[in-house]
Amino acid sequence: MYDLELNQYIEAEAEFNYLLKEYKTKREKVFSGCFAQMEGDPITYDLLRYHYRTEEAGLELVDLSAQYEKRLKRLKRNVERLKEAMNILTEEERQAFNHITYGQPSEFDYWRNRDLNRNARDKLIHYLTDLKDQDNIKREQERKDQLKKQLEGVI
């Protein structure tokens, strides 16, 4: 795993919050669309009418939740993994990592922060790589078990 993949975990929280906000906004639009509405178009000055039938709104909500659920789940897992991985760092490494990554204040000088941050990033990368490998092994084992069950059912 390289720094680019670590950045994926670092940016996951902001992306998660953004997607959640977007999902809630779209849901509210669908809910409010169940009631007849009128808006003025600022360009043509025409009145626009909006209205969802209840069935259409229900289908739209199901589509929205299916669309966002998988992405939100993956991002939430990445946020939780990074928080879990931060627990393996020493207090100094955590402070330096937070200083350089998130801009939080630090009591160390530039060179000390840089060295501690490099150590922290290496630890995080190794830890997250190990977690990813464990997940891959677990998924592979589950696939083998499913295949065995399917083959036993056929034979």
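Predicted model: local features only at pLDDT ≥ 70, side-chain atom pairs only at ≥ 80, totals over all residues.

Colleague: Is Arg-121 buried or exposed?

Modeller: Buried. Its relative accessible area is 11%, which is under the 20% cut-off.

Colleague: What does Arg-121 touch?

Modeller: Leaving out residues up to four places away in sequence, Arg-121 touches Asp-3, Leu-6, Asn-7, Ile-10, Phe-97 and Thr-101.

Colleague: Salt bridges next. How many are there in the whole structure?

Modeller: A search finds eight. One of them joins the side chains of Lys-132 and Glu-5, at 3.1 Å from N to O.

Colleague: Where do Lys-132 and Glu-5 sit in the chain?

Modeller: In distant parts. Lys-132 is in helix 5 and Glu-5 is in helix 1, residues 3-10. They are 127 residues apart.

Colleague: And how accessible are they?

Modeller: Lys-132 is partly exposed, at 34% relative accessible area. Glu-5 is partly exposed too, at 28%.

Colleague: What about Arg-81 and Asp-135?

Modeller: They form a salt bridge, with the closest N and O atoms 1.7 Å apart. Arg-81 lies in helix 3, residues 54-86, and Asp-135 in helix 5, so the bridge ties together parts 54 residues apart in sequence.

Colleague: Which class does each fall in, buried or partly exposed?

Modeller: Arg-81 is buried, with a relative accessible area of 10%. Asp-135 comes out at 22%, so it counts as partly exposed.

Colleague: Which residue does Lys-26 pair with?

Modeller: Glu-22. Their closest N and O atoms are 3.9 Å apart, against a salt-bridge cut-off of 4 Å.

Colleague: How far apart are Lys-26 and Glu-22 in helix 2?

Modeller: Four residues, so about one helical turn separates them. Lys-26 is partly exposed at 35%, and Glu-22 is partly exposed at 23%.

Colleague: Stay with helix 2. How many residues does it have, and what span?

Modeller: Helix 2 covers residues 12-33, which makes 22 residues. From first C-alpha to last it reaches 31 Å, close to the 32 Å expected.

Colleague: Now the packing. Which residues touch the most other members in the largest nonpolar core?

Modeller: Leu-6, Leu-82, Met-86, Phe-97, Leu-124 and Leu-128, out of 13 residues in that core.

Colleague: Which elements give two or more residues to this core?

Modeller: Helix 1, helix 3 and helix 5. Helix 5 gives the most, with five residues.

Colleague: Take Met-86. What does Met-86 touch?

Modeller: Arg-94, Phe-97, Asn-98 and Leu-124, again not counting residues up to four places away in sequence.

Note on methods:
Residues numbered from 1 in each chain as written. Heavy atoms only, no water. Expected span 1.5 Å × (residues − 1). Buried < 20%, exposed > 50% of the residue type's maximum accessible area, 1.4 Å probe, protein only. Contact = heavy atoms within 4.5 Å. Core = buried A, V, L, I, M, F, W, Y, C linked by side-chain atoms within 4.5 Å.
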